[in-house]
Amino acid sequence: MTKEKEEHREDPMQIDSNRVPTGSLLTDYLRIYYGKFFPYTDMFKWLAYGNDGKHPGCDSSYFGRREFSFTIKSDRDEVYLRFQSFFNASEMETSIKAKCPTKIDIGAVYTVDPAKRHAYAQSGFNPIERELVFDIDISDYDDVRYCCSGADTCLNCWPLMTIAIKVIDTALREDFGFSHILWVYSGRRGVHCWVCDSRARRLSKEQRSAIADYFHVYKGGENSLKKVTFSGPLHPFLARAYTDALKNEFEKWVSTQKLFEHEERFHKILQLIPDESVVSELAEKWQGNSVRWEHLKHMLQSGSKKTQGLRRCIEEIVFSYTYPRLDIQVTKGMNHLLKAPFCVHPGTGRICIPIDPKKCEEFDPTSVPTVAQLIEELNANASIGADNYVEKTSLAASVHLFRTCFLEPLIKTCKDELENAYNTMMQQTKDSLNW
Amino acid sequence: MEIVRSQRRNGSDGSGSSASLPLYKSAPSLEFRLEEFGQYAIDRLRVLQAISDGLSRGKKPEEMENLVSEQWRANMKHQDADKTLRKDIISHFVLRLVYCREEEMRRWFLSMETALFRYRFRLQNAEAQKSIMNELQLQYNVLGNAEYETIKDKLTEAARSVNFTSNPEAVFYKVPFEDVPELVASRRVFILKGFAFVPRNQVVSLVCTIFRSNISKALALTNRKWRAMIQDQEKDRIAPMVEALGNVYLGPDYSKPKDCAEISLKDINQLASTSFPLCMRHLFGKLREDHHLKHQGRMQLGLFLKGVGLKLEDALAFWRAEFSQKVGAERFDKEYAYSIRHNYGKEGKRTDYTPYSCQKIIMSTPSTGDHHGCPYRHFSEENLRAALNKMGVGGRAMDDIMDKVRNRHYQLACTLTFEATHGTSCETGINHPNQYFVESRKFFESKNKHSQPTA
């Protein structure tokens with residue numbers, strides 16, 4: 001028998017937790033993952049936003065009008081099923097366990113049950129609620145990181161994601177007044193953000209666009225040179241981002257990425273300076289000089305050069321390297337499908353676990369549990385006859401974080417809102433019955 | 001910078017009262033003649049088209065104010081202010097009928113009418129503006145002193161980031177940020193805990209958002225009414241005029257190429273180097289080089305090729321030939337073929353998408369890894385020069401083009417490129433990449449005809 005055939009036949013419970021599973025092995029792992037680990041009840045509680053049927057003011061159709069989509073991979077094929085919907089947690093659980101999708105995406109809440117959309121006129125099927133979402137990929141920073149590229153990441157460049165979380169999370173809470181925000185590791189090279197306040201869910205496309213543009217500072221395609229231009233004093237949001245996060249992170253970045261030690265690397269920075277005389281003076285002095293960044297800062301900040309465009313040059317450089325680079329289109333659309341938390345990333349085997357924004361510097365993408373690791377832990381617990389063995393695996397901490405930092409406060413707010421809306425409606429009915 | 005010039009102009013519409021800037025809340029019960037129906041609409045349409053042109057050339061707000069004032073005076077104004085108002089109202093409602101019928105038309109009309117309203121509002125004096133705001137039922141909180149004190153510094157900081165030497169504003173309106181999306185998008189206001197603090201000199205944005213939303217709802221209603229009864233009732237009288245008016249200024253949208261304009265795959269390289277505008281040449285070149293394009297690039301180039309006459313089967317073959325070199329034929333069929341068929345209206349809700357106009361392309365926002373957009377706008381000067389060099393443009397023509405670019409006249413720059421590469425003048429100016437292609441083919445075809453040897 002060839003080695004390949006042997007591997008195919010092996011017992012999925014005997015695993016090598018360092019290997020990323022593929023093909024039918026992945027499917028076997030997923031079956032166990034969906035059987036024992038995926039938190040159906042928590043996901044339902046989240047997406048029902050309080051409409052769990054327990055209060056007379058609930059909308060029992062709400063959960064059923066949410067679109068999910070499944071990506072199902074078999075050995076030969078990949079099938080993409082849109083417009084999946086479920087009446088309750090139990091139906092969702094049954095469907096996921098039966099189909100074993102390699103990816104689950106969450107879409108919008110529509111006017112009617114997506115699975116039944118054909119029964120309605122085209123104009124009757126529209127998205128009406130959807131979380132405000134953000135998607136940040138570290139591969140969009142390939143031009144400023146030298147340790148990794150593409151889908152890879154390491155502890156040297158991951159701080160870019162930490163910065164992004166800090167800047168955006170702060171703005172969402174302080175500037176926009178949102179509080180129910182979930183950050184999720186995307187499983188390989190980035191993070192997703194779900195803003196779940198009811199105010200956020202009801203934003204129109206135009207308003208989402210406005211928010212996306214508010215955050216859009218790093219602009220330009222492959223052919224423009226300077227992606228960040230500040231012509232005057234910074235808006236309070238940008239000033240805060242600079243002072244509280246970007247300035248210091250850039251100093252660290254200079255050292256971890258050795259930005260001033262290699263010619264091609266500091267040449268890129270020099271290209272951002274719109275004054276030829278400054279650039280040539282620096283280039284000359286830097287032959288063999290190692291304190292370049294200090295020198296550059298001094299020169300640009302001294303104000304001795306009166307060229308227009310130099311006043312904010314330091315900030316422009318810092319922002320170009322460290323400011324969050326969002327995929328704007330993801331935020332602008334109302335029916336963009338985004339991967340669900342607690343999925344398994346098929347490329348890495350890692351679980352898409354939540355990240356606590358208050359402790360995001362501590363998050364280590366290289367130590368996120370993998371599906372293989374979880375199954376191994378499950379085996380170990382079972383073999384010693386422990387009770388509640390799932391809760392003794394590495395996933396428990398993530399589920400706990402999801403519940404305490406996000407789900408519980410959210411449900412409380414939703415219940416309060418439902419209660420208020422219901423009382424208002426009852427009062428109005430009473431009033432209208434009075435002659 | 002949006003400063004309301006309340007001192008300099010005293011209501012160029014004559015009266016200064018809000019009666020001179022109507023909100024078009026309901027259809028007027030006025031009587032007018034059928035000839036007025038058509039003529040008034042066309043006059044207003046000229047104004048809207050001029051606004052459309054001005055916006056796509058990136059004119060600054062002060063320039064737009066002048067443009068609107070001139071256009072209004074030239075096309076709409078009457079000596080008698082009442083007659084002007086009458087024409088204003090009638091023409092608006094007639095155009096509502098014309099432009100309510102299709103989504104793209106609604107979007108265009110809405111944008112242009114909002115722009116027209118915006119600049120006319122700016123030209124009103126303070127009294128008139130206040131009375132318009134009351135009419136729109138703006139019960140907005142003027143920011144109280146106590147709260148003002150706590151955020152004074154941030155308000156100043158925000159104001160200075162917009163207009164570097166502004167004097168501190170006295171009056172602010174505290175509104176939910178959802179009500180001023182444009183100000184939020186361009187970071188022109190300070191926002192805190194979900195509220196935007198709009199200074200008096202930015203109140204235009206607030207007013208326009210409400211105006212826009214009202215007209216948008218009205219358009220949807222008009223559309224339903226048109227379909228349900230008016231179209232039928234008026235099929236001998238107004239309906240034919242409405243149809244005709246709808247074709248007046250939008251021009252061809254190049255979504256259905258004429259039969260003789262079909263192109264085949266073997267010609268495509270040649271056509272790209274002689275007749276594609278720079279934006280499409282660049283995308284085409286990148287596709288050949290990288291065997292890949294990101295989504296917006298695929299849309300911009302793909303729809304252009306459809307407009308140029310590339311049939312679906314040929315399009316699939318073309319994209320597959322490129323993409324399969326990078327991702328493999330199987331992945332192409334699974335992941336990319338669907339969206340090409342989608343562009344041709346063969347999937348999903350079967351909309352037949354129209355190729356992007358220059359205005360749309362100029363307004364797009366290319367990001368990391370993108371090659372779409374308008375090179376005259378989105379390329380650095382160095383990259384643009386290099387790209388134009390490759391097209392054979394140099395010397396004096398290059399300088400003229402760069403000059404246009406620096407003044408943000410992107411479509412004029414493209415027109416000059418056309419003229420430089422074809423050795424002929426382009427009277428109409430370029431508004432659409434497919435128009436560039438059509439003009440180019442016309443030129444080469446007539447050149448070939450003239451050079452045919454006679455028997």
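**Polar contacts between the chains**
I looked up polar contacts between chain B and chain A and found 18 residue pairs, both residues at pLDDT 80 or more. A polar contact is a pair of N or O atoms within 3.5 Å; within protein, one must be able to donate a hydrogen and the other to accept it, and residues adjacent in sequence count only if both atoms are side-chain atoms. I note that this is a predicted model: local features need pLDDT of at least 70, side-chain atom pairs count only at pLDDT 80 or more, and totals for chains, interfaces and linings use all residues. Residues are numbered from 1 along each chain as its sequence is written, chains are lettered from A and ligands numbered from 1 in the order written, and side-chain values use heavy atoms, without hydrogens or water.

**Salt bridges**
I count two between chain B and chain A. Arg199(A) and Glu178(B) meet in a salt bridge, N to O at 2.8 Å. The criterion is a side-chain nitrogen of Lys or Arg within 4 Å of a carboxyl oxygen of Asp or Glu.

**Contact**
I find 36 residues of chain B in contact with 38 residues of chain A (heavy atoms within 4.5 Å).

**Aromatic rings**
I searched the whole structure and got 55 aromatic pairs over all chains. Rings of Phe, Tyr and Trp (its six-membered ring) pair if their centres lie within 6.5 Å; planes under 30 degrees apart count as stacked, over 60 as edge-to-face and the rest as tilted. Tyr110(A) and Phe125(A) are stacked, at 4.4 Å centre to centre and 5° between the planes. Both Tyr110(A) and Phe125(A) are buried (under 20% relative accessible area, 1.4 Å probe, protein chains only; exposed is over 50%, partly exposed in between).
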